Every structure is written in C-alpha cells, then in structure tokens.
Amino acid sequence: MEGHPERILVLGAGIGGVSTVAALRRMGYQGELWLVDEGDQPYDRPPLSKDYLAGRRGRAEIALQAADWFDAQDVRLFRGVRAIGLRPEAGQVQLADGQVLTADRIVLATGGRARRLPIPGGDGEHVHVLRTAEDADRLRTDLGPGRRLLVIGAGLIGAEVASTALDLGCVVTVIDPLPVPLVAALGPELATWLHDEHTRRGIEVITGTVTSLAQDTAGTGVTAGTGGTGGTAGTPGAGTVLAALSGEAQPRPFDVVVLGVGMVADTELAQSAGLLVDGGVLVDERQVTSHPRVLAVGDVARTRADGIPQRATEHWEAAQRGADRAAATLLGSAAPTQGAPWFWTDRHHLHVECVGHMDEAETRVVRGSFGEGPAAVFGLAGGRLVAVAAVDDAMAIKAGRRLIDRKTLVDPSVLADPHTELRGLLRA
Ligand SMILES: Cc1cc2nc3c(=O)[nH]c(=O)nc-3n(C[C@H](O)[C@H](O)[C@H](O)COP(=O)(O)OP(=O)(O)OC[C@H]3O[C@@H](n4cnc5c(N)ncnc54)[C@H](O)[C@@H]3O)c2cc1C
C-alpha cells in the first residue's frame with residue numbers, strides 16, 4: 001500500500017476495531033483516526049457469557065479502554081451511530097444520522113450477530129441470543145433460582161451460558177445434535193470429558209434438535225416436563241415456552257431458552273459495496289478486501305489463501321492479530337509474525353485453552369487426568385506438536401505454543417509424562 005494514508009476510518013469498536021486503532025498509534029501512525037460504532041462505550045464480549053452474565057462484573061468493568069483513552073490516543077469516536085452505506089471508490093461511509101465520512105482507507109470491523117434458528121417460535125418471547133451487552137442484560141433478568149432454562153447448542157457460548165445459569169440456580173437442559181461438540185477444536189478426549197462435566201454438575205444433556213418453540217398460552221406446560229426446584233419456576237401459563245425436541249412425543253416446558261448456535265458475519269455493508277463476500281468479507285493475508293482501499297478484521301473477515309476461503313476464526317485473539325496485520329498493511333510495514341492461534345473458554349469454574357490446530361493432529365497424547373488438577377492433550381503430526389488443549393494448565397499452553405511455533409520434534413511419551421518440565425523441551 002503506497003504512502004501513509006492521511007485519514008483512516010474504522011467501522012466497529014469491538015476488540016477488532018479498537019485493536020486496529022491501538023496498533024496504528026503504537027506503530028507510529030500520526031494521521032487522523034476515526035472510529036465509528038453503533039453502541040456507546042466500546043466493551044469486550046467474552047465476559048458476556050461469564051462474569052457479566054453472572055453479575056460479577058458491570059459495564060464499566062468490561063470496557064475495552066478507559067473512557068479517556070480515545071482522546072489520549074487522538075482517536076475521534078463516533079458513538080451511537082450506525083454506518084449504513086459504503087462507497088469504496090470514493091472512500092466514503094454514510095452514517096444513519098445523515099453524515100457522510102470520507103477517508104483514505106476504511107477498515108471494516110463490524111463483527112457479526114448471533115445466529116437465530118429458522119424454526120417456528122425461534123424469535124419468540126423468552127427466547128434469547130447472546131452477542132451484545134444488551135442481550136446479556138435481557139437474559140440475566142430472565143435467569144434465577146429454579147428457572148427452567150433450555151440451551152440450544154453446546155458449543156463454546158452455549159456451554160458457558162449453561163454453566164453460568166447453573167451457578168445462578170437455574171435448572172438447566174442443554175441440547176445439541178452432536179453427542180460430543182467441539183471434538184475438532186479440542187480433540188475427543190477433552191471434548192468428551194468437558195461435555196460430560198455438564199451431567200456431573202447436574203445439567204440434563206440431550207443429543208437431539210429442537211424442531212419448534214411455542215408460547216404456552218394455555219398453561220399446559222406448568223405441570224409437565226423437567227420441573228423446577230422452587231423460586232419462580234412453573235409460573236402458570238404466561239411466559240412458558242414449549243419446546244418440541246426430536247424423538248420426544250410431548251413438547252417440554254421451559255421458562256427461558258437460549259440459542260447458542262453460532263454467529264453470522266455482518267457483511268451487508270461490504271456486500272452492498274460490491275466487495276467479495278463468502279461467509280465473511282473475504283480478505284487476503286494482509287487483511288485487504290477485494291477493494292484495495294478497504295480492509296477487514298475480526299469476526300467479519302474471512303481470509304482467502306490461494307483463492308480458497310480458510311476456516312473461520314471467531315475468537316478474541318484472532319481479531320487482535322488481524323488488527324495488527326491490518327495496521328502493518330496500512331503503514332506499509334512488514335506483517336508481524338503471529339504463530340499458532342489460541343482461544344480460551346470457561347465453564348464450571350474450569351479454564352480451558354487451546355493453541356494450534358487440533359484437527360490437524362495424527363495422534364494425541366494426554367498428560368495428567370482431567371478433573372484432577374492441570375491436564376492437557378497434545379496433538380502431533382509428523383513428529384511435531386500441532387496443538388495443545390488444556391484444562392487449568394497455562395504452563396502446557398505457554399510451552400506448547402512455543403514448541404508449535406518452533407516446529408520442534410517431540411517424543412510423545414516425554415510429553416505425556418507429567419514429570420516432564422515442558423519448558424525444558426524448548427531448550428532441546
Ligand atoms: C458471549 C461471547 C463470549 C465469547 N467468549 C470468548 C472467549 O471466551 N474466548 C474467545 O477467544 N472468544 C470469545 N468470544 C468471541 C470474541 O468475543 C469475538 O471473536 C470478538 O468479539 C470479535 O471481535 P470483533 O471486533 O471482530 O467483533 P465485535 O466484537 O462483534 O465488534 C463489532 C462492533 O461493530 C459494531 N457494528 C457492527 N455493525 C456496525 C455498523 N454498521 N455501524 C456501526 N457499528 C457497527 C458492533 O456494534 C460492535 O460493537 C465470545 C463472543 C461472545 C459473543
């Protein structure tokens with residue numbers, strides 16, 4: 001990209017957008033920086049299904065930056081206004097309040113929205129999704145002791161919501177079509193153990209699908225089904241949602257339903273501007289879209305390498321890394337070296353992390369025993385480590401990450417031995 005742009009406009013102030021402006025300033029960019037978001041104070045999303053939903057952290061505590069940070073960084077923040085039009089050739093973005101902003105380069109960091117289910121009643125009352133703080137606020141008011149919660153989808157967010165709701169005293173049922181979700185990401189050993197943890201903690205786990213949701217206007221749902229343990233459970237008639245589950249003759253009553261069925265990238269602006277889109281705004285390895293003036297980062301972007309869209313990486317660190325790459329591209333600097341991807345998730349007071357690509361492993365070895373202190377599963381291919389997934393084992397992740405990045409040859413039996421000091425392998 002020739003010369004330094006005089007003004008850069010970033011759309012979306014999630015971790016992707018905020019990290020982009022932060023990286024630009026950190027890398028010495030002195031031009032104008034504008035950041036537009038439809039929300040108020042930019043905040044972080046991972047706590048929404050964890051501490052924020054549990055009520056342990058409030059809005060101020062999940063802010064991505066202190067309120068005065070944007071001024072201090074000389075970033076002009078346009079808050080509470082949605083971008084509704086994009087004209088890449090003219091470098092223009094149209095805002096819903098009528099303003100038209102012009103910039104030399106535009107970065108799309110608009111993330112995505114929670115996927116809804118195309119089933120009858122999928123958007124009814126007491127049927128929630130979780131993507132924004134407002135979603136979390138609404139959901140929290142619907143949870144409480146004895147409330148019967150159905151979580152549809154047992155992936156990362158569904159499992160976190162189920163765990164938080166259990167802590168809040170809800171009677172929780174989780175349903176997923178897969179007998180064990182997250183196998184590709186974590187490997188079957190850890191994925192199975194984690195999924196079974198729901199049952200061990202008192203959550204009902206069902207393998208199946210929900211074919212419809214309906215408001216129980218007749219009040220029939222109060223007497224049937226899973227029942228509650230007191231509190232507000234079983235409020236007659238109004239508010240009960242009847243869920244038809246595959247393989248069950250009678251629908252079951254729930255007070256609350258959460259859809260944890262993934263996200264849909266927010267590609268409308270890009271699409272209307274004629275940019276290439278395929279399950280996300282397509283970008284090259286430097287985050288540039290099909291128009292050289294427009295870049296995209298975070299959940300909205302999907303990398304295409306050698307003409308092939310790569311797997312979606314809808315994780316927090318991936319958004320940050322994309323932001324660093326975009327900033328380097330905008331400033332004409334070399335792309336930063338970034339190494340193996342990483343994500344974390346928390347459920348049932350267990351901290352789970354994964355680095356690398358577990359689905360590329362030809363063999364796996366487990367170190368330790370899940371549920372008995374720190375434990376990890378190592379994925380290997382061609383004698384080298386390609387992934388580590390761990391429970392409460394930050395050390396295994398840290399050392400594993402470096403072993404993956406250095407492509408070190410490793411002996412599986414040495415890895416499996418809990419007495420091996422993993423850091424020592426880095427010196428080999
Ligand atoms: C509940 C939840 C829990 C999660 N937990 C984890 C976790 O434990 N670990 C992990 O690695 N990842 C986790 N993630 C994923 C991680 O939070 C996302 O990958 C990350 O937020 C993506 O950042 P982003 O900036 O691309 O998008 P977003 O965070 O979605 O930010 C996009 C921003 O753009 C704004 N916007 C969109 N369209 C417009 C428009 N037209 N005009 C103006 N503004 C617009 C949106 O309002 C939003 O503020 C979680 C996500 C959720 C929802």
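## Basis of the model

Residues are numbered from 1 along each chain as its sequence is written, and side-chain values use heavy atoms, with hydrogens and water left out. In this predicted model, local features need pLDDT of at least 70 and side-chain atom pairs count only at pLDDT 80 or more, while totals for chains, interfaces and linings use all residues.

## Domains

The chain is divided into domain 1 (7–113 + 263–330), domain 2 (127–259) and domain 3 (349–426). These bounds come from an automatic or database domain assignment. The C-alpha centres of domain 1 and domain 3 lie 33 Å apart.

## Helix H9

Helices (H or I, at least four residues) and strands (E, at least two) are DSSP runs, numbered from the N terminus. H9 has 15 residues and should span 21 Å at 1.5 Å a residue; its end C-alpha atoms are 21 Å apart, which agrees. The expected span is 1.5 Å times one less than the number of residues.

Buried residues of H9 include Glu317, Arg321 and Leu330. Buried means under 20% relative accessible area, exposed over 50%, and partly exposed in between (1.4 Å probe, protein chains only). Their cover includes strand S1 (7–11), H1, strand S7 (105–108), strand S19 (294–296), S22 and H10. Just after H9, Gly332 takes a positive phi of about 70 degrees.

## H1 against H9

The axes of helix H1 (residues 15–26) and H9 come within 8 Å and cross at roughly 40 degrees. That makes H1 oblique to H9. Angles under 35 degrees count as roughly parallel, over 145 as roughly antiparallel, 65 to 115 as roughly perpendicular and the rest as oblique. Axes are lines fitted to C-alpha atoms, for helices over the stretch in contact, with angles from 0 to 180 degrees between N-to-C directions.

Contact means heavy atoms within 4.5 Å. Among the residues making this contact are Ile15, Ser19 and Ala23 of H1, and Trp316, Gln320 and Asp324 of H9.

## Helix H10

H10 (residues 394–406) has 13 residues and should span 18 Å; its end C-alpha atoms are 18 Å apart, which agrees. Its buried residues are Ala396, Ile397, Ala399, Gly400, Arg401, Leu403 and Ile404. They pack against elements including helix H9 (316–330), strand S22 (342–347) and helix H12 (422–426). Just after H10, Lys407 takes a positive phi of about 55 degrees.

## Ser290

Ser290 sits in the loop between strand S18 (281–283) and S19. Ser290 is partly exposed, with a relative accessible area of 40%. Leaving aside neighbours within four places in sequence, Ser290 contacts Leu275, Leu276 and Leu282.
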